Amino acid sequence: MIYLDNAGTTELSKSALDAMMPYLTREYGNASSLHSSGQRSKEALETAREDIAKCLNASPREIYFTSGGSESDNQAILSAAELGAKKNKKHIISSKFEHHAVLHTLKKLEKQGYKVTYLDVYENGIIHLDDLESAITEETCLVTIMFANNEIGTIQPIKEIGEICRKHGVLFHTDAVQAVGHINVDVKDQCIDMLSLSAHKFHGPKGIGVLYAKQGILLTNLIEGGAQERGRRGGTENIAGIVGMAQALKDAVKELDEVSKQETKLRDKLIESLGKIPHSSLNGDAKLRLSNNFNMCFEGIEGESLLLLLDDAGICASSGSACTSGSLDPSHVLLAIGRPHEVAHGSLRLTLSKYTTEEEIDYVIKKVPEVVEYLRKMSPVWDELEKGKKQHIL
Amino acid sequence: MLYSEKVMDHFRNPRNVGEMEDADGIGEVGNAKCGDIMRMYIKVKDNIITDVKFMTFGCGSAIATSSIATEMIKGKPINEALELSNKAVVEALGGLPAHKIHCSVLAEEAVKAAVKDYYEKHNIDYDKSLYCVGDCPCAHEHDHIEEE
């Protein structure tokens, strides 16, 4: 099996699993307990918190453990909204292609009377800073813009966004689920006030994540309960998950340069080779993107059938077609960068990891064109394009 | 698994796929915007559908439903082909996931559209009430999603 859906989730690394094992077996004490078993768990919890803080250049008391990226996004946005409301500031700025954990939270707030400006991401999938600056008003309480996009991998100018927000005294949250462990994140240097991350995107376990919130930001609880996470998130801590996440993040940060160099080489090989398929087009900026992200549209075919046939060929991939998203419309990300519906249905996302080899990429480069050609041969859309009855878009 | 073995078989080995140069009737339904288009070709002799071919742009179940629909009407009298229901297509495939039922609707409509084209090309009178007007598949899909 060739696994190229690492933006979906990643393989748990051996080192993360090894770090977790004691806490899944003999070290099961509750970190809130006074006995020594509980205190050993507590120690592991706080060591993990320190390690993760170091990776982000934050301080340990700014790290809140959550169930993952979605929860962190929800809590960050709802907290900023509540803080804003106290000062009668009910305007939020975001982008058109955020993750649904952000978009759906914003929709909820809109129903409660908040105003949200969704910045354009243009054809290359990157916001314009002057759009941001001119969208900020006296009422703006939050800017939430993702660090790197989960579908097309484009990276936003996070530091510049952070600086603009700081200049205007507006809180800045970034959904960095795809970025942490893959590109350098430094919350101080990049002027980030709140950040969401998820362990399973960098070879850690599922079901665990972090909300970083700068000291002084009062979080709104989503889960009431005990005094865990400084009273901001009730529930017995998932020590094994937290320890595994810390180990995976330390590894990812340590290996970052080397891994991203290898991924970039393989990604560019994919872009170059599969870009030779007639009437195809890369989605998102070719350079300002995650080193592991390839996303391309192929005209005249539909993504789900492409994925099923690639799966038959042993390749795990992903697509932004409506059929795979389980909704009527194709990916909102592809629509946001201006792809028409009919083209957006025919997208293919391949996301690499440190485990991806050149042999695997060579096999994919051989297989994808075969499958695209096969599907085009039975496609009435392709037939019309080829016979000149319709104009090619790509 | 998302699909039954029968669906995957028809998806992987579609029957009667391809273009038909000398078709007596051609029906095309669906909308590229929605992500599904089916085109069905029929050859008719003495009121019998002697040959069928299809071309489909769409997901796995769109390809599978068109494939099995061609098998179900090939060699049948036209009036029997017109009785092909989306339900029969779903049953023949051993079921479809709820959000894929619209593909079977599309297959039923593609058959009807091909017959309609045959009637019109050959100046044969037919019961116009059998046909919905315009592009229904998206509408059907919308209805369906709302039901869920």
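In this predicted model, the C-alpha centres of domain 1 of chain A and domain 2 of chain A lie 28 Å apart, the domain bounds coming from an automatic or database domain assignment. That assignment gives domain 1 as 2-6 + 256-386 and domain 2 as 60-227. The contact (heavy atoms within 4.5 Å) takes 22 residues from domain 1 of chain A and 26 residues from domain 2 of chain A.

**Basis of the values**

- Residues are numbered from 1 along each chain as its sequence is written, while chains are lettered from A and ligands numbered from 1 in the order in which they are written.
- Local features need pLDDT of at least 70, side-chain atom pairs count only at pLDDT 80 or more, and totals for chains, interfaces and linings use all residues, with side-chain values based on heavy atoms and with hydrogens and water left out.

**Domain 1 and domain 2 of chain A**

- About 1900 Å² is buried between the two domains, with carbon and sulfur atoms giving 58%; buried area is the accessible area (1.4 Å probe) that two parts lose on being put together, summed over both.
- The count of salt bridges between the domains is 0, a salt bridge being a side-chain nitrogen of Lys or Arg within 4 Å of a carboxyl oxygen of Asp or Glu.
- Across this interface, 9 residue pairs are in polar contact, both residues at pLDDT 80 or more; the term stands for a pair of N or O atoms within 3.5 Å, where, within protein, one must be able to donate a hydrogen and the other to accept it, and residues adjacent in sequence count only if both atoms are side-chain atoms.
- On the side of domain 1 of chain A that touches domain 2 of chain A, β10 (293-298) and α10 (332-336) of chain A each supply at least two residues, and α10(A) gives the most, with 4 residues.

**Chain B and chain A**

- The contact takes 26 residues from chain B and 23 residues from chain A, and the area buried between the chains is about 2200 Å², of which carbon and sulfur atoms give 64%.
- In chain B, the residues that lose the most area to chain A are B:F11, B:K33 and B:F57, together 26% of what that side buries.
- Between the chains the count is 5 salt bridges; A:E384 forms a salt bridge with B:R39, where the closest N and O atoms are 3.9 Å apart.
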